[in-house]
Amino acid sequence: MTLPLYERAEACGKVILVGEHAVVHGQPALAAGLPGGLTLTASPRPGAPISLQIPAWDIDLQLTADNEHPVARACLEVLGYCDGPVTGWTILGDTGLPCQAGCGSSAALSVALARLALGPDAPQDEIVEASLAGERVFHDNPSGIDNLVAASGGLVKFIRGAPPESIHFKGSVPLVVIPSGIPRSTGAQVRKVREFLTELPSVVRPLLGVIGNATLAAIEAIESRNLKSLAAIFNLSHELLSALGVSTPALDRLRDSVLELGARGVKLTGAGGGGCLLALPPDDPRPLIAALAERGHAPFAVTLRGS
Ligand code: PMV
């Protein structure tokens, strides 16, 4: 008998505004869901192995026990956690998110797959736990922020092990995401910070605490609509992440040119080493986006809407 999957499920992508890496070590972080991140559609294929196709990410995999591809292993972990099927389905993914770029692509996949297996009425906690079984394949110590935001959407203050807090604010905050096109491994970046912390705890621990304080200051800035402070926090956060060793000369050069083109504040977002930058643009983000596109980048606008 083929075990069931629901027909369709969605999950958000995410951007981390402040607090990446520090969040792994217990500090607060602030992240926003990117709506319409990934949609999965399942159709029965009796007797055949489960196949996963996500053309935008060049993924075309059979989810069989001997497949060593990390995406296949992560998906099998999620389906196993959910007591889901082992054969009999084709799963097709539709997404506009870049992959492996710090926009939460792996968490979106794990969350959407958990929803396909557990259904739309499953509690969010259960979806997040199931999806973390997949995320642990990509790096062994995920804080859980990506998975939580992929499931919840919205603007969220996240502290590892504590209930997440939705941040409510008035108006909107425009942001621009700029993919660097440089691939990186979240696991390698997280390991680098852990090794630095082990080597120099008296220096690195306070640095992580300052990043946590920057998160709290960013929440205050958003709540009081103080975009000048938010821009300063973005710029400072980039320097702090750079001090942790997770920026690169290429990312720093891209950041300098985004600032020269008029952004108020710019930082790397996510694990660093490559991936994306996140900018707070001037009131009208269009000239910044056009100038970046002219230089061959593929920036996209994200608007945080208050509630
Ligand atoms: O998924 P990424 O590459 O955006 O990084 C996730 C954020 C980290 O803080 C670096 C890791 C984590 O588990 O929180």
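This is a predicted model: local features need pLDDT of at least 70, side-chain atom pairs count only at pLDDT 80 or more; totals for chains, interfaces and linings use all residues.
Contact here means that heavy atoms lie within 4.5 Å. The secondary structure of the protein comes to nine helices and eleven strands. The radius of gyration is 19 Å, close to the 19 Å that the globule rule gives for 307 residues, so the protein is as compact as a globular protein of that length.

- Along the principal axes of the protein, the C-alpha trace spans about 60 × 45 × 35 Å.
- Of the 307 residues, 54% count as buried, while the accessible surface comes to about 13100 Å², of which 53% belongs to carbon and sulfur atoms.

**Ser-247, in a loop between two helices**

- Ser-247 is placed in the loop that runs between α7 (227-244) and α8 (249-260).
- With a relative accessible area of 14%, Ser-247 falls under the 20% cut-off and therefore counts as buried.
- The side chain of Ser-247 is joined to that of Asp-252 by a polar contact of 2.7 Å, and to the side chain of His-238 by a polar contact of 3.5 Å.
- Leaving aside residues up to four places away in sequence, Ser-247 touches His-238, Leu-241, Ser-242, Asp-252 and Leu-268.

**Glu-260, in helix α8**

- Glu-260 is found in helix α8, and its relative accessible area of 67% is over the 50% cut-off, so this residue counts as exposed.
- Glu-260 and Leu-288 are 28 residues apart in sequence, and their C-alpha atoms are 9.8 Å apart in space.

**Asn-67, in a loop between a strand and a helix**

- Asn-67 has its place in the loop between β4 (59-62) and α1 (70-81).
- Because its relative accessible area of 18% is under the 20% cut-off, Asn-67 counts as buried.
- The side chain of Asn-67 reaches the backbone oxygen of Gln-62 at 2.8 Å, and Gln-62 is also among the residues that Asn-67 touches when those up to four places away in sequence are not counted, together with Leu-61, Ala-72 and Arg-73.

Notes:
Residues are numbered from 1 along each chain as its sequence is written. Side-chain values use heavy atoms; hydrogens and water are left out. Helices (H or I, at least four residues) and strands (E, at least two) are DSSP runs, numbered from the N terminus. The radius of gyration is taken over C-alpha atoms; the globule rule is 2.2 Å times the number of residues to the power 0.38. Buried means under 20% relative accessible area, exposed over 50%, partly exposed in between (1.4 Å probe, protein chains only). Accessible areas come from the Shrake-Rupley method with a 1.4 Å probe; for residues, only the protein chains shown count as cover. A polar contact is a pair of N or O atoms within 3.5 Å; within protein, one must be able to donate a hydrogen and the other to accept it, and residues adjacent in sequence count only if both atoms are side-chain atoms.
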